[in-house]
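Please read the points below with the sequence and the model in view.

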Amino acid sequence: MTIRHTRRVFLSAATVMAAALAATACGSPQDTASGGGDAAPVKVGLVYAQSGPLASYGKEYIEGLRAGLDYATKGTGKVGNRKIEITEVDDAGDPAKAVSAAKDLIGKGYKIIGGSSSSGVALQVAPIAAQNKVLFISGPAATDAITGVNKYTFRSGRQSYQDVVTAKSFIGDAKGKKVVVFAQEGAFGDANEAAVKNVIGGAGATVTGIRAPASATEFTPFASQIKAAKPDLLFVAWAGTTAPAMWQTLDQQGVLASTTVVTGLDLRASWPTFGAAGGKISFLAHYFDGASDNDAAKAAKAKLPGGVIDLFHPDGFAAAQMIVRAAQEGGDDVDKMIKALEGWQFDSVKGQMTIRAEDHALLQPMYQAKLSGSGTAYTATAQKTLTGDETAPPVTQMKG
């Protein structure tokens, strides 16, 4: 587990931490936010994947967070007169490392923890936050279980329910429709099939699954099963190096021409794996460059490498805004930070975001998208933007 201490003015996670520590030293959080009292830094601990299989997600998260801190503090890197100080810890996507890092930071007095590229990590860190009464803002982790897990836990990204509702939007009224989930055997496939059955099946569709071994390299038999099922919607959940062969086979066997095929749009680097099939697939999208055009998106583009916003940059950007909000309004009082975030509406890269007070779900726009291009040069365009209300998950009772 590697630890990086960054005293530069990163505008968000650090902002919240400094606010948390300064209020204790100088009196009221209002004095701290307005610049009164001493100038103890806002110390924020970020535990996320800098290495391991989710390192690319973590890289985008921290890039987005730095851009968001700059935006939220208007370039000052401060909350009031307190500098934002960030400590970054690499959990490598390992829950045990993340828990150890979070406990270490909390033991050093940190009141705000951010990060979690992995759902497994987020689900282990959230209880630690509740036990120690510190603020935890989860990042790209998409598991629905984070919503409502406890009052100390928030999220800066979307959740799986919002993905599946976006997929459902491609077929309109689901009642009486036939939906097939094509996925690999294992936990990833299980989770996706369960989500589709819950969301789309719960809306009246008949949902069945076709599963392929993770080791499969020949996909013609599965394509035949899909065509025989004659679904109104084929939901594909796939990961790994066999994706190009799988998509090529579905295309060659006429599956993509026979039904609406939906899958999630991943990082830009993955787009070439769709090959010639890319233009025939309907994508549910959390975000892609150009999906929105507002002040926050323009600010992010100005700060991000290459001026391009990718999938998880908005999660880091929103986390920074939430951290600054918590520090400004709550000082070092975690209960006041929580109250400041609950019900808060703010404009971020994706547009209007709302933190639902009842369970801390983050209501946000989602997108229907199409890909065009070839080789390594692809462009995504939005076909439809779904509002935060349209993709809102059911309210979950707060567990703790």
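1. Helix H7 gives five residues to the lining of the largest pocket, the largest share of that lining. Helices here are DSSP runs of H or I with at least four residues, strands are runs of E with at least two, and both are numbered from the N terminus. A pocket is an open set of points on a 1 Å grid over the protein atoms alone, where a 1.4 Å probe fits and protein lies on both sides within 12 Å along at least five of seven lines; lining residues have an atom within 4 Å of a point.

2. This is a predicted model, in which local features need pLDDT of at least 70 and side-chain atom pairs count only at pLDDT 80 or more, while totals for chains, interfaces and linings use all residues. Residues are numbered from 1 along each chain as its sequence is written, and side-chain values use heavy atoms, with hydrogens and water left out.

3. The largest pocket holds about 1,300 Å³ of space; a volume is the space filled by probe spheres set on the points, and grid points are joined across faces, edges and corners. Its lining has 44 residues, and those nearest the centre are Tyr 57, Arg 158, Phe 188, Trp 238 and Asp 266. The elements giving two or more residues to this lining are the helices H3 (55-72), H6 (160-168), H7 (187-199) and H9 (243-252), together with the strands S10 (233-237), S11 (260-264) and S12 (282-285).

4. By residue class, the lining of the largest pocket has 27 nonpolar, 13 polar and four charged residues. Nonpolar covers Ala, Val, Leu, Ile, Met, Phe, Trp, Tyr, Cys and Pro; charged covers Asp, Glu, Lys and Arg; the others, Gly among them, are polar.

5. How many of the nine residues of H6 are buried? Seven are, and the helix is mostly covered. Buried means under 20% relative accessible area, with a 1.4 Å probe and protein chains only. The buried residues of H6 are Tyr 161, Gln 162, Asp 163, Val 164, Val 165, Thr 166 and Ala 167.

6. S10 pairs with S11 in the parallel sense over three bridges, and Phe 235 stands opposite Val 262 in S11. S11 in turn pairs with S12, in the parallel sense and over three bridges; Gly 264 has Leu 284 in S12 as its bridge partner. Two strands count as paired if DSSP finds at least two bridges between them.

7. Strand S8 (residues 178-184) has six of its seven residues buried. S8 pairs with strand S9 (residues 206-212) in the parallel sense over seven bridges, and Val 181 stands opposite Gly 209 in S9.

8. An open sheet of three strands has the order S13-S14-S15, with antiparallel pairing. Its edge strands, S13 (345-348) and S15 (362-363), each pair on one side only. S14 (residues 351-355) and S15 are joined by two bridges, and Thr 354 has Leu 363 in S15 as its bridge partner.

9. His 360 lies in the loop between S14 and S15. Its phi is positive, about 70°, although it is not a glycine. Most residues other than glycine have a negative phi. His 360 is buried, with a relative accessible area of 2%. Ser 116, in the loop between strand S5 (112-115) and helix H5, also has a positive phi, near 70°. At 1% relative accessibility, Ser 116 counts as buried.

10. Val 134 is placed in the loop between H5 (119-132) and strand S6. Its relative accessibility is 3%, so Val 134 counts as buried. Val 134 and Lys 111 are 23 residues apart in sequence and 4.9 Å apart in space, C-alpha to C-alpha. Leaving aside neighbours within four places in sequence, the contacts of Val 134 include Ile 106, Lys 111, Tyr 152 and Val 334, where contact means heavy atoms within 4.5 Å.

11. Gly 148 sits in the loop between S6 (135-138) and strand S7 (153-155). Gly 148 counts as buried because its relative accessibility is 0%. Beyond neighbours within four places in sequence, Gly 148 is in contact with Asp 359, Gln 397, Met 398 and Lys 399. Gly 148 and Ile 171 are 23 residues apart in sequence and 29 Å apart in space, C-alpha to C-alpha.

How values were computed:
Buried means under 20% relative accessible area, exposed over 50%, partly exposed in between (1.4 Å probe, protein chains only).
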